[in-house]
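This briefing concerns the packing of secondary-structure elements in a predicted model. Please consult the sequence and structure shown below.

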Amino acid sequence: MEETAYLPTGITSLLSGPIIRDHHTIANLSRSPKEEIPRSNLQRSLSLVDNLTPASSRARHCLFKPSASAHAHVQEDASGPIELETLRAFKRPDPPCDIGHLQSKRRKSSSLHVIRENVLTSSSPNLQRSFSETEATIKKALLRSTQIPDLIGDFSRPFILPLMEGRHQDLKTISADTLASLLNGNFNEEVEAYTIVDCRYPYEYDGGHIKGAKNIFTKEQIFKEFVDIKQPAQNQDTGDSSQENETSVGGKRNILIFHCEFSSERGPSLFRFLRNSDRDRNKESYPTLNYPELYLLHGGYKTFFERHGDKCEPCAYRPMLDPDHETDLRHFRSKSKSWNGDSKSRLALRSNLKRLGL
C-alpha cells in the first residue's frame, strides 16, 4: 500500500483489526461437535378425519414473527453450555367444529348415493295410470261388449228379438217376419211396449203403413218425441242385468223399431240420431240410455208389405217417387234435412263418441 494514497478515515483499523464474530457464531463454535441444537417438539397438526378439514385450514400454517423481547439469546453459564431458545412456532389449524355431524352428513350422502345407484341399475317399476270412476265404468262396459256379442246399447243384456245381418253393420237389424211375430204377440212375455217409427214422408205414410206405426220423418220430431221429454236415466251396473232403466218395467223390454221405404237412408239416419242424442243426454252416466234397445227393419216397408200386407193400413204401398207427389217430395225432403238443434251440443256429442270409440 502506497502511503501517499488517499484512504478514508479509519480504514487502517478496519483492515488490520481483529475479526469479531457475532454471538450466534460464538455459541455454535463453543458447542461440542457431538452436541446438537435441540429442536422444538412442534409438529403439524392433522385433522381428525381425513379430507374433512377445509383446504384453507390445512394451508393456514403461519409463522409468528418474534418480538424484540422474545429474540433468541445466549446465556453464558459457568457450569454448562450456552442454550439457544427457539421461538419459532406454527399456528394450530382449526379442528372440525362437529365431527359427528360431518360423519353423519357423510354417511347420509353415501346412503343417498347408494340409493341413487340402486334406482338407476334396477328395473323401473310398472306404473299404471289411475282412472276415475267414470272411466273405469266405461272401460268395464266396453270390455263387456267385446266379451259378449249382441248386447243392447247399455251393455246390460242381449237383444230380445232375433237379429239378422243387414246392410248397416253398426245397426241391429230384424226381418219382416220377426216384426210380424212381434205384432202377433209372440214376445209379450219379454216385451212390455214397442214403438214402430215410420221415417217416410207423410204422403207415403198416408198411402199405407204398418198398423200402430208413428210417422216421424225429421230430427226435430225425433228429439221432441223421445229425447226432450225424457230425463237422464239413472246409472246402472252393466254387470248386473237385474237392474233396469226407465225403458223397462218389471224386467220387460221397451223397444223401438225404425224403417223407411227400403231402410237404406232415412230410417238409419234417424236411428243414429236418436242413439247419439240419447248418449249425449246421459253422458254423465255412460253407458246408461233411455232407449238402449233399437232395431232397424230389414228391407223397409216395401219388403214388409210384400210379406205381410194384411198388417198394413190401408193395405197399400205408395213409393217416395210417386209422380203425383213431386211437389210434396221436394217440400218434405227440404224439411227433413233442416235441423235447428244446438250445433255446440252436436259437436260435443261427436267428440265424446269419438273419444269413447263409438
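Helix 8 (residues 219-227) and helix 9 (residues 266-281) pack at an angle of about 45°, their axes lying 10 Å apart; the two helices are therefore oblique to each other. Angles under 35 degrees count as roughly parallel, over 145 as roughly antiparallel, 65 to 115 as roughly perpendicular and the rest as oblique. Axes are lines fitted to C-alpha atoms, for helices over the stretch in contact, with angles from 0 to 180 degrees between N-to-C directions.

**Helix contact**
- Helix 8 contributes Lys219, Ile222, Phe223, Phe226 and Val227, and helix 9 contributes Ser269, Leu270, Phe273, Leu274, Ser277 and Arg281 (contact means heavy atoms within 4.5 Å).

**Sheet**
- Five strands form an open sheet in the order 1-6-5-2-4, with parallel pairing (two strands pair if DSSP finds at least two bridges between them).
- Helices (H or I, at least four residues) and strands (E, at least two) are DSSP runs, numbered from the N terminus.
- Strand 1 (173-174) and strand 4 are the edge strands, each pairing on one side only.
- Seven bridges join strand 2 (residues 191-198) to strand 5 (residues 253-259), where Ala193 has Asn254 as its bridge partner.
- Strand 5 pairs with strand 6 (residues 294-297) over three bridges, and Ile257 stands opposite Tyr295.

**Basis of the values**
- Residues are numbered from 1 along each chain as its sequence is written, and side-chain values use heavy atoms, leaving out hydrogens and water.
- In this predicted model, local features need pLDDT of at least 70 and side-chain atom pairs count only at pLDDT 80 or more, whereas totals for chains, interfaces and linings use all residues.
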